[in-house]
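I have my notebook open and a new model on the screen. Here is what I looked up, in the order in which I looked.

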Amino acid sequence: MGKREPLSPLTKWIVLYRDNFTCQKCGKKAIFKLWPGEPEDPNGPFCDLIVHHIEGPTSNDYDNLITLCQNCHFMVHGGSWKNKPIEKFNPRPITTEIIFEGMRDYYRRQDYVNDYFFRSMFNEYKKKVREVAKFIG
Ligand SMILES: [Zn+2]
Ligand SMILES: [Zn+2]
């Protein structure tokens with residue numbers, strides 16, 4: 001098995017977008033998170049579905065990537081994360097439209113999350129200022 005570049009969050013998101021944020025084995029829909037996953041989060045940003053390498057981790061091409069839920073992903077690897085995939089998939093072919101729409105969706109969500117963080121930080125800051133003011137009297 002050859003080495004490959006890590007999958008970028010944007011590529012993951014475009015695959016999720018192409019697959020309508022739905023597990024391509026059982027049809028489970030994504031559950032979205034309000035905050036981004038950690039950089040190493042295999043689920044990618046803001047959603048609980050997994051982008052799986054169909055022919056093993058040798059290529060990050062779109063036709064080697066498919067959206068699965070955590071359960072189906074585990075099954076496809078024969079019940080162990082270390083096993084080679086035991087089931088093959090035929091993903092929907094990618095188009096430039098899907099790539100552009102997926103990118104737009106990704107950056108729109110990034111902005112939303114940044115806004116969300118900014119607002120919660122600002123509210124926290126205002127609370128602190130009020131507490132200090134009360135303490136000083
Ligand atoms: Zn599934
Ligand atoms: Zn996998």
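My entries follow, from the overall layout down to single residues.

**Ground rules.** I am working with a predicted model, where local features need pLDDT of at least 70 and side-chain atom pairs count only at pLDDT 80 or more, while totals for chains, interfaces and linings use all residues. I number residues from 1 along each chain as its sequence is written, with chains lettered from A and ligands numbered from 1 in the order in which they are written.

**Layout.** I looked up the secondary structure and found three helices and two strands. I take helices (H or I, at least four residues) and strands (E, at least two) as DSSP runs, numbered from the N terminus. Reading from the N terminus, I get the order α-β-β-α-α.

I then asked how much of the chain is buried, and 20% of its 137 residues count as such. My cut-offs: a residue is buried if 20 or more other C-beta atoms lie within 10 Å of its own, exposed if 12 or fewer, and partly exposed in between, with C-beta atoms placed from the backbone.

For contacts, I use C-beta atoms, placed from the backbone, that lie within 7 Å. Among contacts with a separation of 6 or more, 62% join residues 24 or more positions apart.

**The core.** The largest one has 15 residues, and L49 and L68 touch the most other members. At least two residues come from each of α1 (9-18), β1 (50-53), β2 (65-68) and α2 (70-76). The largest share is that of α1, with four residues. As a general note to myself, nonpolar side chains tend to be buried together in soluble globular proteins.

Setting aside neighbours within four places in sequence, I find L68 in contact with C23, Q24, K25, L49, I50, H52, H73 and V76.

**Helix α1.** How many residues of α1 are buried? I count seven of its ten, so I note this helix as mostly covered. The buried ones are T11, K12, W13, I14, V15, L16 and R18. They pack against β1, β2 and α3.

**α1 against α3.** I checked the axes, which are lines fitted to C-alpha atoms, for helices over the stretch in contact, with angles running from 0 to 180 degrees between N-to-C directions. The axes of α1 and helix α3 (residues 96-136) come within 8 Å and cross at roughly 115°. That makes the two helices, α1 and α3, roughly perpendicular, a label for angles of 65 to 115 degrees.

The crossing of α1 and α3 is right-handed, that is, the near helix is turned clockwise from the far one by less than a right angle. On the α1 side, the contact is made by L10, W13, I14, Y17 and R18. On the α3 side, I list I98, I99, E101, G102, M103, D105 and Y106. These residues divide into eight nonpolar, one polar and three charged.

E97 counts as exposed because it has 8 C-beta neighbours inside 10 Å. From E97 to R18 I get 9.9 Å, C-alpha to C-alpha, across 79 residues of sequence.

**The loop between α1 and β1.** Just after α1, N20 takes a positive phi of about 55°, although N20 is not a glycine. N20 is in this loop and counts as exposed, with 12 C-beta neighbours inside 10 Å. F21, in the loop as well, is also not a glycine and has a positive phi of about 50°. With 18 other C-beta atoms within 10 Å, F21 is partly exposed.

My last stop was A30, found in the loop between α1 and β1. A30 is partly exposed, with 19 other C-beta atoms within 10 Å. Which residues does A30 contact, leaving aside neighbours within four places in sequence? I find L16, F21, C47, D48 and L49.

Definitions and conventions:
Core = buried A, V, L, I, M, F, W, Y, C linked by C-beta atoms within 7 Å. Contact = placed C-beta atoms within 7 Å. Parallel < 35°, antiparallel > 145°, perpendicular 65-115°, else oblique. Nonpolar A, V, L, I, M, F, W, Y, C, P; charged D, E, K, R; others polar.
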